[in-house]
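Welcome! Please take a look at the sequence and structure below, and then we can walk through a few of the features together.

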Amino acid sequence: MSLIAGVLEGVQVEWKELGEVVHFINAKPHEKLVDPNGDVVLMTSRFISTEGKSARYVKSENVLSPALKNDVAMVMSDLPNGRALAKTFFVEENNSFAANQRVCLLRVKAPEEYLPKFLHLVVNRNQQLLAYDNGLDQTHLKKDWILKIRVPVPCPDNPKKSLEIQKKIVAILDKLTEITTEITTEITAELKARKAQYDYYREALLMVNGEGLMNNEKVEWKTLGELTSLITKGTTPKKYTKTGIAFIKTEAFDGPNINSNKISFIDEDTHNKELKRSILKHNDILITIAGATIGKCAIVPIEILPANTNQALAIIRLNDYVNTKYVFHILKSRYMIKYIELNIKGSAQPNLNLEQLNNFSIPYPSPEEQARIVSILDKFDILTTSIGQGLPKEIELRKKQYEYYRDLLLTFPKNNIAS
């Protein structure tokens, strides 16, 4: 804390428009040139939102204007409430990155006076730009909007001291990032180990080949179609609203639960007319049937109703006499994963159709045996969740700690010297 106070003590600030500090470079639409054998990383909104953890490539000979070392890439276009709008990525290598049409490059005019990485920290998710996101439509930031935002210049009358202050701030935040990454990596590894332990016991309980707990009696096999009153899917609405009927997408899944803070909304007319076949009920099981998260599932809680969903999610509505939690545990098991892998093998896009869901055959012991298995698995679930809740919370606390010091370091007085 004293170090941070020392860096900022007595610092005067001039606020300049971004256009005075950087050159603006429009990216080329390289999206159609994606090549798994490429040697240049394509910076997209997804690449930047995942902080470089998801990458696609293009060949260098197809890149007309590669990003240069110390460029700051900014997302100009993203979906409503997108995680990436105005988010930035700092380029640390020459000729290894290219931006697609939704990303622009900001190149500092005088790096001997304004540190590019400091710029990256200052403009990342700039609040002035986020104000253009109305939460309903895809947002496209205009060049003029970006270049009009104001950025701080500490000690404007002393470029040497200004650069020293910028370097100190970047060094502190780099160190905090390093420490936070080390701690979260350790916590994440522990969480992964706990989940693996839980998965092992679940698989052991559900096995029917001589090793599971349901083997002391004869086990029937039934298809989901025999156990359900409805298996269907939703549709993407023509428009979303800021409030109204809850609309569930896969992104709202938080483990086996639905996070009410991650849901979208539609109006009542759309819910009751256009999407009436996919109106959700309490205890419906939702399972992703398309995309990278295929097989992910959650149970619909009563708290989010009324609600609806889209075509990437199938709705499984079990008959009243069927133990919902038992079927849910089966759907989360390795047995279901293997079934999905078998049925999507060779497909260009992972996709499970409703007929395949109807035909999914599961071991179906007596109601008493189902209840016993559910009881054991629920206890493991509670134990794992209690540990799991603590570990993600610790990760979140570490991130907030970093964000606190970052904001402290990057919050400059606005009344010393006006631009």
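## Surface and overall make-up

Accessible areas here come from the Shrake-Rupley method with a 1.4 Å probe. On that basis, the accessible surface of this predicted model comes to about 22,600 Å², and carbon and sulfur atoms account for 50% of that surface.

The protein contains 13 helices and 22 strands. Of its 419 residues, 44% are buried. If you take the contacts between residues at least 6 apart in sequence, 77% of them link residues at least 24 apart.

## One side of helix α11

Helix α11 spans residues 334-344, and Met-336, Tyr-339, Ile-340 and Ile-344 are buried there. Why do they lie on the same side of α11? They cover an arc of only 115 degrees around the axis, and this places them on the same side of α11.

## A look at Trp-221

Trp-221 sits in strand β12, which runs over residues 220-223. With a relative accessible area of 43%, Trp-221 is partly exposed, because that class lies between the cut-offs of 20% for buried and 50% for exposed.

Conventions:
Residues are numbered from 1 along each chain as its sequence is written. This is a predicted model: local features need pLDDT of at least 70, side-chain atom pairs count only at pLDDT 80 or more; totals for chains, interfaces and linings use all residues. Side-chain values use heavy atoms; hydrogens and water are left out. Helices (H or I, at least four residues) and strands (E, at least two) are DSSP runs, numbered from the N terminus. Buried means under 20% relative accessible area, exposed over 50%, partly exposed in between (1.4 Å probe, protein chains only). Contact means heavy atoms within 4.5 Å. The arc is that of the directions from the helix axis to the C-beta atoms.
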